[in-house]
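Below is a short briefing on one protein model.

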Amino acid sequence: MMKILNYGSLNYDYVYTVPHIAAEGETISAEGMECHLGGKGLNQSVAIARAGSRVYQGGAAGSDGDRFFEFCAANGVSTEFIERMEGACGCAFIQVDSSSENCIVLYSGTNKRQSREHIDQVLESFEEGDLLILQNEINELPYLIDRAYERGMRIVLNPSPYNSQVEESDLNKIEFFLLNEVEGEQISGSREPEKILSYMKRRFPEAKVVLNLPAGLSGAGGGYYSCRRYLYRIFYPRDRLSGFCQKKSGIRGESRSHCRVQKRSCRFHPLGRGSGSFRKFRMNLFCRNAAAPVKCHGRGGIFSLPVAKRHNLLYNA
């Protein structure tokens with residue numbers, strides 16, 4: 001049975017509610033402060049666990065990391081591959097203003113103290129066909145990709161934040177890319193979705209690409225999934241999300257009415273007809289896309305992640 005290793009960051013997120021983002025040299029008073037558990041690594045592990053799969057979290061935690069272990073245990077995330085060490089965990093200081101704009105200062109802490117020895121020790125427990133999920137909030141990303149590829153693991157990469165460490169990695173070893181419009185532009189040099197996907201197809205012809213887009217770029221909100229011979233377009237009207245989340249009794253009807261997936265051959269790629277069950281894929285993608293606004297309307301990203309039971313309710317109306 002395939003095992004899932006998510007090797008990534010663990011952060012404390014300190015969120016300050018402010019009337020406006022502080023300007024250079026300005027001192028302002030916060031109207032509120034909350035501390036959440038986060039980090040791209042932990043967020044993805046909890047999302048996988050709540051979707052019903054067993055996941056192992058890899059990484060490092062400092063002497064102040066007890067809350068991460070307690071939270072992981074309560075949410076079905078295995079912590080046997082998290083290394084404890086002296087020092088502080090990573091943390092983010094986040095200003096959020098009245099219009100929900102934010103400004104973030106990130107301190108990496110133990111996230112940037114991964115050792116190759118620990119990586120090798122962790123990967124010994126995984127084999128060909130197992131899944132490795134990576135983000136770029138830790139060090140030794142190129143080494144992780146190389147060692148996992150040698151073992152025949154399938155690699156998923158969210159190249160965020162995009163920097164020289166991503167460019168130093170052998171991205172030809174990646175099977176799945178998870179991008180938004182920012183990383184898409186940084187990799188391809190273009191902000192146009194079709195040009196981003198065209199570039200990814202030329203450079204990584206065997207890779208699968210998920211490109212998430214805001215309403216302004218995708219027209220109705222949603223994104224794309226590119227898989228060899230097919231391009232899938234996901235539509236989710238942004239102006240429907242608020243009503244979708246607030247009407248508990250109408251969740252099923254709202255989701256079915258306003259989320260749709262369209263399959264088409266790529267006009268900008270020389271893609272022929274492919275095989276596979278589009279209906280099955282559409283059902284899976286639909287559930288995940290319908291779950292997204294549920295998360296967006298919760299307070300604290302990780303605490304608002306929906307569980308598998310709610311994913312299923314969104315589709316099986």
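Is Tyr 107 buried, partly exposed or exposed, by its relative accessibility? Tyr 107 counts as partly exposed, because its relative accessibility is 46%, a value between the 20% and 50% cut-offs. The model is predicted, and the points below are grouped by topic.

**Surface patch**
- Tyr 107 sits in strand β7, which covers residues 102-107.
- Together with Phe 93 and Val 105, Tyr 107 makes up a nonpolar patch on the surface.
- The accessible area of these three residues together is about 300 Å².

**Helix α2**
- Helix α2 spans residues 66-74, and its buried residues are Phe 68, Phe 69, Phe 71 and Cys 72.
- Viewed down the axis of α2, the buried residues fall within an arc of 165 degrees, so they line one face of the helix.
- Residues three or four places apart in an α-helix point the same way, because there are 3.6 residues a turn.
- Glu 70, Ala 73 and Ala 74 are exposed, on the face of α2 turned away from its buried side.
- The packing partners of the buried residues of α2 are the strands β2 (11-17), β3 (32-38), β4 (55-61) and β5 (77-84), along with helix α1 (40-50).

**Cysteines**
- The structure has zero disulfides.
- For Cys 35, the closest cysteine sulfur is that of Cys 91, at 9.1 Å, which is too far for a bond; the cut-off for a disulfide is 2.5 Å.
- Cys 35 counts as partly exposed because its relative accessibility is 27%.
- Cys 103 is also partly exposed, with a relative accessible area of 31%.

Note on methods. Residues are numbered from 1 along each chain as its sequence is written. This is a predicted model: local features need pLDDT of at least 70, side-chain atom pairs count only at pLDDT 80 or more; totals for chains, interfaces and linings use all residues. Side-chain values use heavy atoms; hydrogens and water are left out. Buried means under 20% relative accessible area, exposed over 50%, partly exposed in between (1.4 Å probe, protein chains only). Helices (H or I, at least four residues) and strands (E, at least two) are DSSP runs, numbered from the N terminus. The arc is that of the directions from the helix axis to the C-beta atoms. Contact means heavy atoms within 4.5 Å. Patches are made of residues with over 30% relative accessible area and no salt bridge: like charges are joined within 9 Å, nonpolar side chains (Val, Leu, Ile, Met, Phe, Trp, Tyr) within 5 Å. Accessible areas come from the Shrake-Rupley method with a 1.4 Å probe; for residues, only the protein chains shown count as cover. A salt bridge is a side-chain nitrogen of Lys or Arg within 4 Å of a carboxyl oxygen of Asp or Glu.
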